[in-house]
Amino acid sequence: MSGREGGGFDETITSERAILRDYITRGEDLPTDVPTIGSPFEENHVPESELGVYRSPDARKLVTADLDVIQELAAKSKSPPSFLEAGPRRHLFYDPRGVRVAVVTTGGLAPGLNSIVHSIVKRHFRTYKLNEGMEGAVFGVYDSFIGLKHKPMQMAPLRPHETEEWLEKGGSELGNRRTGKGADLDGFAHDLVANLANNNINILYVIGGDGSQTVAHRIARNAESLSVVGLPKTMDNDLLWVWQSFGFNTAVERATEIINIMNCEACSTRRVCVVELFGAESGFISASSVLASGHANLVLIPEEFKNLTPEQCETALQIYVKHLQRAVNRDTKRPHGVVVVAEGVGKLLTEKSVKLAGHPITGDFVGILRDYLESRLRDTLGEPVPVFVNRPLHQIRAGKANAHDQMYCERLGALAVDNALAGYTDFMISQWLTEYVLVPLELVAGKRKSIPLEGIFWKQVCSSTGQPSIAGMASRNGELAKAKGASAGVQLESGS
């Protein structure tokens, strides 16, 4: 298969279930083991009465609850794969009272960054009684990985009473930057490891998405005496092997509210609103908020166009516009509509050299789409329907976390500390299915999940908006070509 490196994962597969089946088909085991930097030897001085039941080194949770997969493995005399269960440990590798750790927030913003930093800091100091007098410290690194590379390292000691004040703030008090893309990652990681060693750092917490976890994985591979722990931060929810990344719930809640407000605006003013949301590679935020709202008439996500030819993309856009025209005219007194577009759609269509009304799509796709819709949409009297654009991207990601994500961040941060102190490394703390587990960074680094277009979720989204599933039409023996023929020459005017 394409995309494999050394017989490993096929990067064209973008769902966990499909990845697992791919490994089974090839007769290989999913790599779920998490390394340690040494055997734990330090007795945990915090009792179970305070931490909860210590997890055994052998305690594991199944990767899948799919009975078909489990039975398929059993037929091959193979056990179903499992992740190491997260939780406090009876024996630790580090003396928690004298450990030195660094926390870095990387990539784009997401609600909950300050919350998860506070959870880590609080766990070290208040639960494990970190003692600065023993040279122990928790450092916040400014300016993402660039701050880790600087000499002297751009960091400052953090204490719980300080980070608690961050809980009411959005963004990241440590600052976020995207780094490492297109660089020599092994060389970059080697420099970071050397700088961390020079600063006597024992544990590094990397709060970031797939790109950040790629760097974290390289750091772990280059470090012999450093625990590297990933925490799943991506508002797009496109990290593999995490049920839901922190910040996603808050982002969907805010995006849903904005869609509802824009629907009121559009309805009251007899217009169509095009709302652009985050989603560079996947449409989870757009699709989820549309389903939660129930007021959108059309949602465009990258997954629908990814496997289409340029000509199919152009046909799809025409079909979508025709659908929107019908939706706008359902309310004869107040013709209106809401279109939600994931930001990655424009980039994808540009890369494919797709044309709209004979003109190449370049630059501002949402603006181009607005102009095109204004030239085509008509109410039942034949009058033009105005179209306006709303781009609430940064309003969605820069605010503080809601209650759900706040609680989630508390749990992720605390469990990250529990397992880092035990000497585990090169893993991401994750809620997978209903359990908290340690996922090897090998399964996460540089990979993204996307919405399965034949799955129930996307079908329900299409049912909510009433739009056709274009990718489904394209996969069923030329239905898209037939649709193109049926719509050829159709004037998208009143009553079309």
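**Pocket and helix packing**

Tutor: In this predicted model, 42 residues line the largest pocket, and Ser15, Glu16, Ser450, Ile451 and Pro452 are the ones nearest its centre.

Student: How much space lies in the largest pocket?

Tutor: The largest pocket holds about 1,200 Å³.

Student: And how does its lining divide by class?

Tutor: The lining of the largest pocket comprises 22 nonpolar, 11 polar and 9 charged residues.

Student: Now to packing. At roughly what angle do the axes of helix 9 and helix 10 cross?

Tutor: Helix 9 (residues 248–269) and helix 10 (residues 284–293) have axes that cross at roughly 55° and come within 8 Å. Helix 9 is therefore oblique to helix 10.

Student: Is that crossing left-handed or right-handed?

Tutor: The crossing of helix 9 and helix 10 is right-handed.

Student: Which residues meet there?

Tutor: From helix 9, Phe248, Ala251, Val252, Ala255, Thr256, Ile259 and Asn260 take part. Their counterparts in helix 10 are Phe284, Ile285, Ser288, Ser289, Val290, Ala292 and Ser293.

Student: How many charged residues are in that contact?

Tutor: The contact of helix 9 with helix 10 has no charged residues; 9 are nonpolar and 5 are polar.

Key: Residues numbered from 1 in each chain as written. Predicted model: local features only at pLDDT ≥ 70, side-chain atom pairs only at ≥ 80, totals over all residues. Heavy atoms only, no water. Axes fitted to C-alpha atoms, helices over the stretch in contact; angles between N-to-C directions. Helix = DSSP H or I, 4+ residues; strand = E, 2+ residues; numbered from the N terminus. Parallel < 35°, antiparallel > 145°, perpendicular 65-115°, else oblique. Left-handed = near helix turned anticlockwise from the far one by under 90°. Contact = heavy atoms within 4.5 Å. Nonpolar A, V, L, I, M, F, W, Y, C, P; charged D, E, K, R; others polar. 1 Å grid on protein atoms, 1.4 Å probe; cavity = no way out; pocket = protein on both sides within 12 Å on 5 of 7 lines; lining within 4 Å. Points joined across faces, edges and corners; volume = space filled by probe spheres on them.
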